[in-house]
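Please examine the sequence and the three-dimensional structure shown here.

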Amino acid sequence: MMTTTHNSQIDVEQLQFRYPGADEAVLTGTDLTIEPGEFVAIIGGNGSGKTTLCKSFNGIIPHFYEGDVQGQVTVAGHEVSESSVAELSQHVGYVFQEFDNQLVSPTVFEEVAFAPMNYGHEDYRERVHRTLDLLDLGGLEDRFVWELSGGQKHLVALAAALSLDPAILVVDEPAAQLDPVNARETYDRLAMLNETHGKTVVTIEHQTEFIAEYCDSVVLVEDGIVSWKLPVEAALNRLEDLRGQDVHPPQVTRIAECVLDDARPLPVTLSDGLDLFTDYGSNTGARTDGSSKVNRTGKPVISFNNISHSYDTLRSGTKDVIDTLSLNIYPDERVVLAGSNGAGKSTLMQLVTGLETPDEGTVTVGGTDTEDVLPEQLAEEVVYVKQNPEEMFIDDSVRADVAHYLDDRDYPNVEQRVDEVIEFLDLENLQSRDGRLLSVGQQRRASLAIGLATNPSIILLDEPTGSLDLGSREEVSRTINRAGERVETVVIATHDLELAASWATRIVVLDDGDIIADGPPSDVFADLASLKQANLRPPQVVRLGTELGLTPAPLTVEAFTDRLNTASPSTETAKSPVEEQ
Amino acid sequence: MTTLDALRDATSVEAIKSDLLRTAYENEGSFLHRLDPRVLLLWYVVFLFVPWLFYDMTVLLGLLAFVSVLAVLSRVSLFLVGLMAFTVVTTLGSYAVVTVFTGDPVAAVRALIPYTLKLTIISVSSLAVFSSMGPKTLSQGLRSLGIPRQFTFLITYGYRMLPVLFEEYHDLVNSFRLRSTAPDSPGRFRWRHYAYLLKLSVRAFYPMIFNVAKRSRVTVEAMEARGFSHSLNDEASTELRLADMQIRPIDVGFFVGSLLVVAALAFFF
């Protein structure tokens, strides 16, 4: 069975690396030691060199990218510069951030068997079944990889990396691409591999809530060097260092930071937070947030009437995505469609654009049945900003993409209108670049600009904060708020409930193609049973508030600290965006 | 109108997509799928030559009937058959158009029918053989015939990417649609509408290629990290990959049987 190789230490000494063709080095003299059996999180801002550092563990750096390299890396007793990627890969399993592109075989079995067969292991069948069983994936063997859900794909990528039974496992940003429930599942498996099978686990992560709960220690990478490696509690108390690298400390920690005024270490997990705040909870009176009012004016702008929608798969038969659902969305609402991956959020949005029409029932947009008009005509009112911004870049520069719609419809003074949108979203410096080559945060901004240029009255955003670090997330949230000023109705599909808490006036919870909760955020977040059913987790601050018996639970860190300070009314200046309504 | 609707449903992107995927993957129940890929490839090579040995129309029609039965047994995609029928008919039609200027079009078409028939026999046998082989068996077969693994892997990978490319392409065409203007009046038989869609479909290839190129970097790194290069020179790995292939009586029976059918056609007609 799976055994621990005791010689699985990673030693990095004065590692410097510059990519071929780049002017500046990514790593500038890094030192790091990771002991066998550790569960380590590596954090750092975009471009800090954390992924490059991890790629030096299995030799992709410097064997695959032949850049300038100095210093020494030793992994499981092998000198990296002297060993081949093939040799090192038997000790280091690697799950890439874009795990979708890492799956190279049609079926799950072939994917997991890929590495053992490459190394000529005759027992590859047993290895595949053992690995799949270890990750509770038994039964998926014959499924096609493209028909799996995102969470399953990630676990299959993990299984493929584990199939050689490496002692070290590197996972790049598991929480960024997955919904929170799937991300937890991945972390639970990683914790099991670490505790039961003694594997060293290294994750690149920026969601500190996961780090606090699962990891032993944290490594901060800053401008190409490791600034520190600390045990998790001490690390997450270095608030300034974290913020300097665009890493959000956990919400509990942020609340404690505002509330505590002594030198005690700040709590980093929910349970630590509970112990600390129990005294505070008892003396806060119930106070309504005033956000429960729903102001619905006029006729619905989008209405789904008893719609059903399904699609065919090759080996799994017909799948119902939406099953007799009805929903009305009114002007000036900020609606969040919440639900885990596969709950039907994107399908609902596709139905509004007219690209898909329901199998049964009708969808009307501004009173028009989507079946009676072409998507091109609906596009004058509705804009759909896709989850994957790359699918929106159809020209070779951002500016051309923004102008495409206006040019095609022969609008007057196109240049001026494009300038205006580009300025509105601060894209002046990026406008001549190819959208595909921007960072994810910039891509989102550009895709939003493409949407706004059509001057729509309804804007649909699919997972706008997916796979973004803190800096880019805040940038996108600001952009959404600004976009809201120009557009009548904004609908966001997301599993990011922190975004929902701070932005929405109405949350619609979808599960398995059905609406299981619908109302203002404070009501929906109080409905824990529905959230659980939909595989959603309220933000940490809401869970903390609920555990402390605050009703309604505050939705943001600001609202929470505000509540804790109700004794002194003068501190009630920080208002949550929800209260600003 | 209902026939037109039915035709439109059958030729919708969604329908073609699942039809092609079914051809690529769902071949497990078909007769030819049970055969050894080496035997099938050899059979295919033989049938590339056989049609050229005959001039008699009856024999050629008999051969066409034989390979068509095999094609039906391998559940060939209707879309591909339709595409083939379309090219055969239009090719003959174009001969007729060209020969109007040089002489007697009917005679020219008649003279070219045997030639076209031979090409059709080869096309149908290609459809039958390659539809019945999944990516795995096809690359196994080629690998055992000495084709380098770099190439045979490309086949499996190509198959794996096929649905992803379909999806991506479809999404890009949709992105184009949402930002373009459809023609004001669709015209007779909606020809303007279809011409417009055709134009967008061509333009959507360009961004697709860029997106794929960008993504393949991760794929190559991931393959490297799981020993792909290692497998190229590893005897044990090659043996493992080819281990479950074996030639059984059914393979020999099929091959000999096919030759007997050809011999019978040649002898009796």
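**From one strand to two chains**

Five of the five residues of strand S13 (residues 334–338) of chain A are buried, so this strand is largely enclosed by the rest of the structure. A residue is called buried if 20 or more other C-beta atoms lie within 10 Å of its own, exposed if 12 or fewer do, and partly exposed in between, with C-beta atoms placed from the backbone. Strands (E, at least two residues) and helices (H or I, at least four) are DSSP runs, numbered from the N terminus. The model is predicted: local features need pLDDT of at least 70, side-chain atom pairs count only at pLDDT 80 or more, and totals for chains, interfaces and linings use all residues. Residues are numbered from 1 along each chain as its sequence is written, while chains are lettered from A and ligands numbered from 1 in the order in which they are written.

Which residues cover the two faces of S13(A)? On one side are A:Arg334, A:Val336 and A:Ala338, and on the other are A:Val335 and A:Leu337, all of them buried. S13(A) is joined by five bridges to strand S18 (residues 489–494) of chain A, and the two run parallel; here A:Arg334 stands opposite A:Val490. Four bridges join S13(A) to strand S19 (residues 506–511) of chain A, again in parallel, and A:Val335 stands opposite A:Arg506. Two strands are said to pair if DSSP finds at least two bridges between them.

Chain A also has an open sheet of four strands in the order S2-S1-S4-S5, with antiparallel pairing. Its edge strands, S2 (27–34) and S5 (78–79), each pair on one side only. Strand S1 (residues 10–18) is joined to S2(A) by six bridges, and A:Asp11 stands opposite A:Thr33 in S2(A).

The next topic is the nonpolar core, a set of buried Ala, Val, Leu, Ile, Met, Phe, Trp, Tyr and Cys residues joined through C-beta atoms within 7 Å. The largest one has 179 residues, and among those with the most contacts inside it are A:Val156 and A:Ala338. Helix H6 (residues 150–162) of chain A gives this core its largest share, eight residues. Apart from this core lies another, of 22 residues, including B:Leu60 and B:Met133.

The two chains also meet. In total, 45 residues of chain A are in contact with 47 residues of chain B, contact being defined by C-beta atoms, placed from the backbone, that lie within 7 Å. On the side of chain A that touches chain B, the largest share, five residues, comes from helix H4(A). By class, this side has 26 nonpolar, nine polar and 10 charged residues. In this count Ala, Val, Leu, Ile, Met, Phe, Trp, Tyr, Cys and Pro are nonpolar, Asp, Glu, Lys and Arg are charged, and the others, Gly among them, are polar.

Chain B is divided by its domain assignment into domain 1 (10–133 + 246–269) and domain 2 (135–233); such bounds come from an automatic or database assignment. The centres of domain 1 and domain 2 of chain B, taken over C-alpha atoms, are separated by 26 Å. Nine residues of domain 1 of chain B are in contact with 11 residues of domain 2 of chain B. Helices H2 (13–25) and H3 (37–49) of chain B are the elements that give two or more residues to the domain 1 side.

Terms used:
Two residues are in contact if their C-beta atoms, placed from the backbone, lie within 7 Å.
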